[in-house]
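This report describes a single protein chain for a reader who has the coordinates at hand. Please consult the sequence and the model shown here alongside the text.

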Amino acid sequence: MSPRAGHAGHSPRTLAFVESPVQLLNVLEWAHLHGLRGADPLPSVPAQVRRTVAGDPPRTGADLTVVVLSPTDPMTRGQLRRMADLARDEGYRVRWEEARGGPAAPFQTVGGLAGSLRRADRIVMGDPFSRYVQLLLTITRAKDLVVVDDGTATMEFVAQLARGERLVRWHRKGGRPGARDLLFAPVSSSARRRLTPSARRRVEVFSSMPVTETPQGVTVTANDFSWTRARFGPPRITKGADMVGTSLVETGVVDGEAYLEAVRHLSKTHGATRYFAHRRESADKLHRLAAETGLEIVRPDLPLEVIARRGPIGRTILSFPSTVVHTLPLALTGTGVRVAVFDIDPTWLTENASPRAQGFLAGVTGTAKDVHRLAAVAPA
């Protein structure tokens, strides 16, 4: 897809919607690869001063406007603030929306964005499963749609689009749709149709994840984290090992006690000293991990790809199946850091886990490149 596609005579109006720090990072990677232009920086005005609730002061010359549909989780909001500052430093406009700030917030957000959506030539989104994003897609007239990585969910989105299935997150339990699903079904169906390429609409998927089922007409572009590598590092490498946390307990996939035992075993076996918490991990769970394993719990203020690239980072990074087993080897290319991934034992899964969970997680691990695959920890 051409970075200058759009109406003749001007650069395209590109509108990106993000709800997580990783999505915003991958929007910056996409913009860097496609050569989107940023505006000249505002002179002598710190980001903390120039930031407003609605967004930045008007800036001319930028090809990209990032709209942050802010969640309520404090950790996610904090990382999004930091990533928004990096986007501003690149010269892009950032519009911060308190999209979940009360019962009226969704109506105010959608109403305030309607004009920009209708004028946009290209829409970039980080989560096509998001009901918020699906609703916004019903308004836009853009001819170019781009889906950037939102972790392992991107693999499932591409597969579902290729098979013509309804868009459902992989970790949701199978069975009949609930009342809210049925109520929202027309919007979800409309979004799926809009995300299907046609003679009038181009669709691009920008991903570092393996794409095995490419929908007809979809352009797949590889994300190699070139912006992150150019912007940060190389990192200082420490002698020890670091562990990457996961939110599989919080999403109801993995049993909490089994996870705690696995972390305890892995940290002792491989000499891990730090545990980089996922932004969705609960405070109670992290407190137990610290007390029972002796690990130093680190709450990153940026996505782990950026944290690792800035350093310091352990010579070995231990992880369960997750997005980072695909992204960290790319971000840390040439540094000598080893990423080791451990399978999820089937006995760890909860009774509420989706029937697809085990196969999907095994696929995340099995398709990862440049990682050391290690046997699952024996269940407690």
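## Basis and confidence

The model is predicted; local features require a pLDDT of at least 70, side-chain atom pairs count only at pLDDT 80 or more, and totals for chains, interfaces and linings use all residues. Residues are numbered from 1 along each chain as its sequence is written, and side-chain values use heavy atoms, with hydrogens and water left out.

The pLDDT, the predictor's confidence in each residue from 0 to 100, averages 84 over the chain, and 84% of the residues score at least 70. Residues 1-10 have a pLDDT below 50, and this stretch has 26 contacts in the model beyond near neighbours in sequence; a contact means heavy atoms within 4.5 Å. Residues 44-54 also stay under 50 in pLDDT, with 14 contacts beyond four places in sequence. Where pLDDT is low, the predicted coordinates should not be read in detail.

## Overall make-up

The chain contains 13 helices and 13 strands. These are DSSP runs numbered from the N terminus, with helices being H or I of at least four residues and strands being E of at least two. Of the 380 residues, 53% count as buried, where buried means under 20% relative accessible area, exposed over 50% and partly exposed in between (1.4 Å probe, protein chains only).

Among contacts between residues at least 6 apart in sequence, 72% join residues at least 24 apart. The accessible surface of the chain comes to about 16,600 Å², of which 53% belongs to carbon and sulfur atoms; the areas come from the Shrake-Rupley method with a 1.4 Å probe, and for residues only the protein chains shown count as cover.

## Nonpolar cores

A nonpolar core is a set of buried Ala, Val, Leu, Ile, Met, Phe, Trp, Tyr and Cys residues joined through side-chain atoms within 4.5 Å. The largest one has 50 residues, of which Val27, Trp30, Leu64, Val66 and Leu328 touch the most other members. Helix 1 (residues 21-34) gives the most to this core, with six residues. Apart from this core lies another, of 30 residues, including Val67, Leu136, Val147 and Phe157.

Leaving out residues up to four places away in sequence, Val66 touches Ala16, Val18, Leu24, Val27, Arg93, Val94 and Arg95.

## Aromatic groups

The structure holds four aromatic pairs. Rings of Phe, Tyr and Trp (its six-membered ring) pair if their centres lie within 6.5 Å; planes under 30 degrees apart count as stacked, over 60 as edge-to-face and the rest as tilted. Phe129 and Phe157 form an edge-to-face pair, 6.3 Å centre to centre with 85 degrees between the planes. This pair links distant parts of the chain, 28 residues apart: Phe129 lies in the loop between strand 4 (122-125) and helix 5 (131-137), and Phe157 in helix 6 (residues 153-163). Phe129 is buried at a relative accessible area of 8%, and Phe157 is buried at 1%.

The pair of Phe320 and Trp348 is edge-to-face because the ring centres are 6.1 Å apart and the planes stand at 80 degrees. Phe320 is in the loop between strand 11 (313-319) and helix 12 (324-331), and Trp348 is in the loop between strand 12 (338-342) and helix 13 (357-366), 28 residues apart. Lys285 lies over the face of Tyr259, at 4.4 Å from the ring centre, and Arg81 lies over the face of Trp96, at 3.7 Å. A charge sits over a ring if NZ of Lys or CZ of Arg is within 6 Å of the ring centre and within 35 degrees of the ring normal.

## Helix 12

Helix 12 is mostly covered, with seven of its eight residues buried. His326 is found in this helix and is buried, with a relative accessible area of 7%. Beyond its neighbours within four places in sequence, His326 is in contact with Ser208, Met209, Pro210, Val364, Thr367 and Ala368. His326 and Lys369 are 43 residues apart in sequence and 6.7 Å apart in space, C-alpha to C-alpha.

## Backbone features

A cis peptide bond joins Gly233 and Pro234, with omega about 5 degrees; Pro234 lies in the loop between helix 8 (226-231) and strand 8 (237-244). Another cis peptide bond joins Gly311 and Pro312, with omega about -5 degrees, and Pro312 lies in the loop between helix 11 (304-310) and strand 11.

Phe225 has a phi near 60 degrees, a positive value in a residue other than glycine. Phe225 is placed in the loop between strand 7 (219-222) and helix 8 and is buried, with a relative accessible area of 1%.
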